[in-house]
Amino acid sequence: MKVLFTGGISSGKSEEAEKLALSFSEPRVYLATSDIKDNETLKRIDRHRKRRGTLYETKEEPLYPERFFDKNCNVILIECLTHFYNNIFYYIPEKAEREKRFLEFLEEVKKFEGNLIMVTNEVGLGGVPANSLAREFADFSGWANRLIAQISDEVFFVISGLKLKIK
């Protein structure tokens, strides 16, 4: 089963994804994609770590999260795809290579036969970004999220802490 949770920043999607993941027995893997580059990110990560405690085995991988796809665990929670997309932009300068990296990941998601819960942000819900790199990132995120949603069995939109099933 593949499930996607999407919504705005701090909308409650991570908490909803974690609730679903906890409905599976152990072993559970929390696959963190954030690459710590500043204190604000570190504070967010610390909040997430405290909330999940020892209920998951945590793996951290900013650019190749599929390395930790393990069919022997009962569920993998990827938190979050948007950070993964950001890392693609940070580490891979060429547009074609960025798309290639994501499509490689997507193929591994398709092939994975275990339970996979993914969290992402809807970055395109606000205004059009003022600079070209931010617009390119928003376009990439929208494209990537559409492809993930297409192969997901269920998709939930979370807004103001309320979960709406859209697929």
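## Close-up views

**View 1. The two cysteines C73 and C80.** The sulfur of C73 has its closest cysteine sulfur in C80, 19 Å away, which is too far for a bond. The model shown here is predicted; local features need pLDDT of at least 70 and side-chain atom pairs count only at pLDDT 80 or more, while totals for chains, interfaces and linings use all residues. Residues are numbered from 1 along each chain as its sequence is written, and side-chain values use heavy atoms, with hydrogens and water left out. A disulfide here is a pair of cysteine sulfur atoms within 2.5 Å, and the count by this rule is zero. C73 is buried at 7% relative accessibility, and C80 is buried too, with a relative accessible area of 3%. Buried stands for under 20% relative accessible area, exposed for over 50%, and partly exposed for what lies in between, using a 1.4 Å probe and protein chains only.

**View 2. The largest pocket, with a volume of about 810 Å³.** Of the 32 residues that line this pocket, R44, H48, C80, H83 and N121 are the closest to its centre. Here is how pockets were found: on a 1 Å grid over the protein atoms alone, a cavity is a set of points where a 1.4 Å probe fits but cannot get out, and a pocket is an open set with protein on both sides within 12 Å along at least five of seven lines; lining residues have an atom within 4 Å of a point. Grid points are joined across faces, edges and corners, and a volume is the space filled by probe spheres set on the points. At least two lining residues come from each of α1 (13–22), β2 (28–32), α2 (39–52), α3 (81–91) and β5 (116–121). With nine residues, α2 gives the most. Helices (H or I, at least four residues) and strands (E, at least two) are DSSP runs, numbered from the N terminus. By residue type, the lining splits into nine nonpolar, twelve polar and eleven charged. For that tally, Ala, Val, Leu, Ile, Met, Phe, Trp, Tyr, Cys and Pro count as nonpolar, Asp, Glu, Lys and Arg as charged, and the others, Gly among them, as polar.

**View 3. The second largest pocket, which holds about 190 Å³ of space.** Its lining has 16 residues, and the closest to the centre are E122, S141, G142, N145 and R146. β1 (2–7), α5 (132–151) and β6 (154–159) each contribute at least two residues to this lining, and α5 has the largest share, seven residues. Seven of the lining residues are nonpolar, six are polar and three are charged.

**View 4. The salt bridge between E66 and R101.** The closest N and O atoms of E66 and R101 are 2.4 Å apart. This pair links distant parts of the chain: E66 is in the loop between β3 (57–60) and β4 (75–79), while R101 is in helix α4 (residues 95–111), 35 residues apart. Both E66 and R101 are buried. A salt bridge is a side-chain nitrogen of Lys or Arg within 4 Å of a carboxyl oxygen of Asp or Glu, and a search of the whole structure finds eleven of them.

**View 5. Further salt bridges to look for.** E26 pairs with R28, where the closest N and O atoms lie 3.6 Å apart. E26 is exposed at 53% relative accessibility, whereas R28 is buried at 10%. E57 bridges to K59, with 2.8 Å between the closest N and O atoms. Both partners are partly exposed: E57 has a relative accessible area of 41%, and K59 has 25%. E16, K19 and K163 join in a network of salt bridges.

**View 6. Helix α3 and what covers it.** The buried residues of α3 are L81, T82, F84, Y85, N87, I88 and F89. Their cover includes β1, β4, α4, β5 and α5, where contact means heavy atoms within 4.5 Å.

**View 7. S152, in the loop between α5 and β6.** S152 is buried, with a relative accessible area of 2%. Leaving aside residues up to four places away in sequence, S152 touches K2, L4, M118 and K167. For scale, S152 and A96 are 56 residues apart in sequence and 24 Å apart in space, C-alpha to C-alpha.
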